[in-house]
Amino acid sequence: MKWYQKKKPPQKLCALMVAAAFSAPAMAVGDLPLFGEGSEPWNVDVLYDNHLAVRGKDATGHNVGLSKFRNTLTIEADKKLSNGWRFDTTLRGTFDAVYRMNKSEFGDEAGGAVELESTTFGNTQPHGGGIVNNASGPPGNAFGFDITRNPNDGMRLLGDRWHDHVSGDVTFGVPVRPCDKDSRGCKDFGGYGDLDQNELEMPEFNDRLDFIREMHVRKNIYLDNGNSVFVKVGKQQVVWGRTDLFRVLDVINPVDYSRNNIYDELEDIRIPMWIATAEYRMGPSESMQDRNVQVVWNFDKFRPNNLGQCGQPNVILDASCFFRGMVNLWDNGGTVANFAPNPVLGGLMSTDFGPNQIGIRDVHLPDWKLSNTQLGVKFEGVTQGGVSFSLNALTYRSQLPSLRALRTGATNPFTSAPQNDTNNNLIAFDVYYPRINMIGGSMDLEAESIGAAIRLEGALTDGEEFANSAREQLYSKHKVWRSVIGVDRPTFIPWINERRTTLISGQLFWQHIFDHEYYKTGERVAPSGATNSLGPVGMVDYEDNFIGTLLIKAFLMGDRLSPELILARDFRARAHVIAPKVEWSVTDNLKLTVGGNFKGGSNSRSRFDDCRTCNPYPAFTGPVVDGGYSLGLASAEPLGRFRAGPIGTAMYEDEVFFQMRYKF
């Protein structure tokens, strides 16, 4: 349903936002709030924000130019209601003109024709010109690729924005235009993946009512024993955890990374959900200064993280470009570079595949039902010594997709012989969002000896799924431990400000995957017992991964001028980002910000087993035993993005930006 596209012209969108804030039906039953009672007026704030960003050269050497011209109107309103209730709402509408102003990069003129490498012949062939089936001829022979269904236009090579294409790498063309201009590869991954240009420009106006950032009622109910119950029901963000940037406990709401990758504050990119919370506040005891128990029920329909749509300026991990390209391959067929070995001439040949042979077949989004809702419990307290802590438990759906290889019993097109039913249908997948259970906790304490505050946070999850080329269905389930330690220290630095402290804040994130599988070259791979002669196979994610951040933030001119510097380092990916920024509060209502983010490091460690050899066609693409296994042939695509991480896959997305925010 696209009522905001088809029935509401764009000029009415702001009016729709304002109306929604004040048109909620009055409730007048029992102890429910009444909008019409009470003498307290509405408190309303209106903010306008303009964010302009310009990007440098991508990995192809091409200068990208304008990457954001986002205009945002935010309305915040609250009102005291009857019977002790209070109503709060925040409405936000965005229009990003970059799709019109830089249409050759992100709009209806993006992309073009692509060439695919064949090392056997030492040259490239155009999309549709691979071996097995020359798609320029009549369809139906061999794999049956028809170029008329998937023309060589409006595409980019997979991964060309973030890495150089090394000779012998596997890759394919990916459509990059908005889905109303080019529908190839468009599929709903849960709020992204099938958006037209208007939906990309105005992302909040959709059938999930994302322009409602907050809309809830709340009340503190006092009990006879002196305790109280705080209730909040409505569309909201529930924040667990005590750390910045890293989401360890803070996973109740999904996140919209398409807005500005990882560089916006979490409060601006969390996706609000319809949630009910109840907090039993017990107050102090003999051993505690304060205690409370919170129950969180996310009863909204499932929503994953928004990873961006291929063709948008921000596509975290470049993941949705892989998704869109794979959906296109399944639906329409296509050409894959360097896929098949040539047993006579040597090298690898680009290969044409027909529909329903390679790619992503379906996305299994959880339907709304009681068993698919999410439930969490948190106990929070403050000890007599002043240590704040929490103990958390949550059952929820993974907000990241898991790709599970199909088991179809495909037929070998060269011999017409059926493959064993346990074999995979080449590299073909369905997408799932598995159930995850999490337990964890957090703690804040003061380290007086060093004049710093220490933040600790950790969580153990069960049920997460990871890509694993050593397994028949190319994934495996694992327990994962994530933790963050943060240290905040206000420090006098005289040459910055003699009268005001400068904040220095450091964080270290650690992720550990239990029962990790990784087999070096020449090792026997369990459970197949085969030898991966061409390179390592198994899980692309590191068994242990570490990311560190450092924030230095100063306050000048009576706190009206605030320069800051953020440094982040992904130690295993060997990638870093440097993000300087200066905020100037010109008046109480006008704030100007100028800054940038600049990446560095190397993508040399981002190559990993691409699974070209785990397929059921041994006469054509290599020896495969019953059940399939990989020989370890490596490429930057498709799994290298998980080694590069969010920083490494944005290596060539250096940006400078200017932001203006005005409060009316």
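**Salt bridges, burial and backbone of a predicted model**

Biologist: How many salt bridges does a search of the whole structure find?

Modeller: This is a predicted model, in which local features need pLDDT of at least 70 and side-chain atom pairs count only at pLDDT 80 or more, while totals for chains, interfaces and linings use all residues. Residues are numbered from 1 along each chain as its sequence is written, and side-chain values use heavy atoms, without hydrogens and water. A salt bridge is a side-chain nitrogen of Lys or Arg within 4 Å of a carboxyl oxygen of Asp or Glu. The search of the whole structure gives a total of 42.

Biologist: How many residues apart in sequence are the parts that Asp-153 and Arg-177 tie together?

Modeller: The side chains of Asp-153 and Arg-177 form a salt bridge, with N to O at 3.6 Å. Asp-153 belongs to the loop between strand 5 (123-126) and strand 6 (155-157), and Arg-177 to the loop between strand 7 (173-175) and helix 5 (197-201). Helices (H or I, at least four residues) and strands (E, at least two) are DSSP runs, numbered from the N terminus. The pair therefore ties together parts whose separation in sequence, in residues, is 24.

Biologist: How many residues apart in sequence are the parts joined by Arg-161 and Glu-653?

Modeller: These two side chains meet in a salt bridge at 3.9 Å, N to O. Arg-161 sits in the loop between strand 6 and strand 7, and Glu-653 in the loop between helix 9 (640-648) and strand 33 (655-663), so the pair ties together parts whose separation in residues is 492.

Biologist: Is Asp-588 buried or exposed?

Modeller: Asp-588 forms a salt bridge with Arg-560, the closest N and O atoms being 2.8 Å apart. Arg-560 lies in the loop between strand 27 (544-553) and strand 28 (561-570), and Asp-588 in the loop between strand 29 (575-585) and strand 30 (590-601), so the pair connects parts 28 residues apart in sequence. Arg-560 is partly exposed at 31%. Asp-588 has a relative accessibility of 67% and is therefore exposed.

Biologist: Which residue is linked with Arg-70, Arg-92, Glu-204 and Arg-259 in a network of salt bridges?

Modeller: Side chains of opposite charge can pair when their charged atoms come close. In the network, Arg-70, Arg-92, Glu-204 and Arg-259 are linked with Asp-264.

Biologist: Which residue does a cis peptide bond join to Glu-637?

Modeller: The omega angle of this bond is about -5 degrees.

Biologist: What is the phi of Leu-209?

Modeller: Leu-209 is placed in the loop between helix 5 and strand 8 (212-222), and with a relative accessible area of 28% it is partly exposed. Its phi is positive although the residue is not glycine, with a value near 55 degrees.

Biologist: What percentage of the 664 residues in the protein do buried residues make up?

Modeller: The protein has 9 helices and 33 strands. Of its 664 residues, the buried share is 55%.

Notes
Buried < 20%, exposed > 50% of the residue type's maximum accessible area, 1.4 Å probe, protein only.
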